[in-house]
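Hi,

Here is the structure I promised to pass on.

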Amino acid sequence: MPTSVVGHESDEELKSLVLRGPLPRHVAIIMDGNGRWAANRHLPRVAGHREGIKSVRETVTACRELGISALTIYAFSAENWRRPTFEVQELMLLLELYLQRELATLIDKDIRFRTVGRIERLPASVVDWIRRVEHQTAGCSEMTLTLALSYSGRSEIVDAARRMVADAQTGALDPAAIDEDTFARYLDTRDAQDPDLVIRTSGEYRISNFLLWQIAYSELYFTTTLWPDVRRRALMLALLDYQRRERRFGRTGEQLQGSTG
């Protein structure tokens, strides 16, 4: 559960507070609440998705300004294919427009773009834009923005297991040598560090099949704020809460104090 807010500080004051403490290297976000945001305003669900894009843009910008090196956003789950056809079509259109409009900004801000998930299920035009943006930002190095699209944590693990079996059958992999590091290299996220902080919006308290392997030791932060209302301030509050945590990774607090003393 999130701790209480720090007070009535301005956004800039919150930013100053955040910069005084340790920052997560990798933030992952389960963005939720677009539909409820729209329903609360008697608008169609797609209006919430459109507003949610503004939150994506502001969150990416804020992370880049703070020096956070990786941001992963759960944009479209494998389960989301079950939604009404019209809504899925609108989501795909919005995704394509986002890629078209943000390419120049990503390059300007030196942000590498990549995706995880079963991308082949997406419309061909969306896949073309994904590959284009990935290619044109491949040399960017200040931050990595990853969109999880048509993504399922369980499916990712299954796909990794299949690739390992295939390599074992050809002799490229010795089954006896398989350990956690080996398995991680077969995941979609093999080039990324595990998330330090996972943020879930809209008051839901579940992981929803997101990065199941990678978040074993991530700090979890839940907020009741609906995703379209998440702006810079909401991110700062999550980061301040993260900075209050003691990350022990199985060790005791006394051990940590001894290693820093």
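Asn209 counts as buried, at 14% relative accessibility (buried is under 20% relative accessible area, exposed is over 50% and partly exposed is in between, with a 1.4 Å probe and protein chains only). Asn209 sits in the loop between strand S5 (197-200) and strand S6 (219-222), and its phi is near 65°, a positive value in a residue other than glycine. Strands (E, at least two residues) and helices (H or I, at least four) are DSSP runs, numbered from the N terminus. Most residues other than glycine have a negative phi.

His42 also has a positive phi, near 55°, and is likewise not a glycine. His42 belongs to the loop between helix H2 (34-40) and H3 and is exposed, with a relative accessible area of 75%.

Before you go further: this is a predicted model, in which local features need pLDDT of at least 70 and side-chain atom pairs count only at pLDDT 80 or more, while totals for chains, interfaces and linings use all residues. Residues are numbered from 1 along each chain as its sequence is written, and side-chain values use heavy atoms, with hydrogens and water left out.

Now the charged pairs. Searching the whole structure gives 23 salt bridges, a salt bridge being a side-chain nitrogen of Lys or Arg within 4 Å of a carboxyl oxygen of Asp or Glu. One of them joins the side chains of Glu65 and Lys15, at 3.9 Å from N to O. Glu65 is in helix H3 (residues 45-66) and Lys15 in helix H1 (residues 11-19), so this pair ties together parts that are 50 residues apart in sequence. Glu65 is partly exposed, with a relative accessible area of 43%, whereas Lys15 is buried, at 18%.

Another salt bridge pairs Asp241 with Arg245, at 2.5 Å from N to O. Here Asp241 is buried, with a relative accessible area of 2%, and Arg245 is partly exposed at 26%.

Then there is Glu204, whose salt bridge with Arg206 has its closest N and O atoms 2.8 Å apart. Arg206 is partly exposed, with a relative accessible area of 45%. Both residues belong to a network of salt bridges that links Asp32, Arg36, Arg200, Glu204 and Arg206.

On to the helix packing. Helix H4 (residues 85-108) packs against helix H5 (residues 124-136) at an angle of about 15°, and their axes are 9 Å apart. For the geometry, axes are lines fitted to C-alpha atoms, for helices over the stretch in contact, and angles run from 0 to 180 degrees between N-to-C directions. H4 and H5 are therefore roughly parallel to each other (angles under 35 degrees count as roughly parallel, over 145 as roughly antiparallel, 65 to 115 as roughly perpendicular and the rest as oblique). Their crossing is left-handed, a term used if the near helix is turned anticlockwise from the far one by less than a right angle, with right-handed used if it is clockwise. From H4 the contact (heavy atoms within 4.5 Å) takes in Met92, Leu95, Glu96, Leu99, Gln100, Leu103, Leu106 and Ile107, and from H5 it takes in Ser125, Val126, Trp129, Ile130, Val133 and Gln136. By type, the residues of this H4 and H5 contact are ten nonpolar, three polar and one charged. Ala, Val, Leu, Ile, Met, Phe, Trp, Tyr, Cys and Pro count as nonpolar, Asp, Glu, Lys and Arg as charged, and the others, Gly among them, as polar.

H4 also packs with H3: the two axes come within 10 Å and cross at roughly 30°. That makes H3 roughly parallel to H4, and this crossing is right-handed. On the H3 side the residues are Arg45, Val46, His49, Arg50, Ile53, Val56, Arg57 and Val60, and they meet Glu87, Glu90, Leu91, Leu94, Tyr98 and Glu102 in H4. The contact of H3 with H4 divides into seven nonpolar residues, one polar and six charged. Glu90 is worth a click: it is buried, at 16% relative accessibility, and touches Val46 and Arg50, not counting residues up to four places away in sequence.

Last, Met164 in helix H6 (residues 153-170). Met164 is buried, with a relative accessible area of 6%. Leaving out residues up to four places away in sequence, Met164 touches Leu173, Ile178, Thr182, Phe183 and Tyr186. The C-alpha atoms of Met164 and Ile178 are separated by 9.1 Å, and the two residues are 14 apart along the chain.

Cheers
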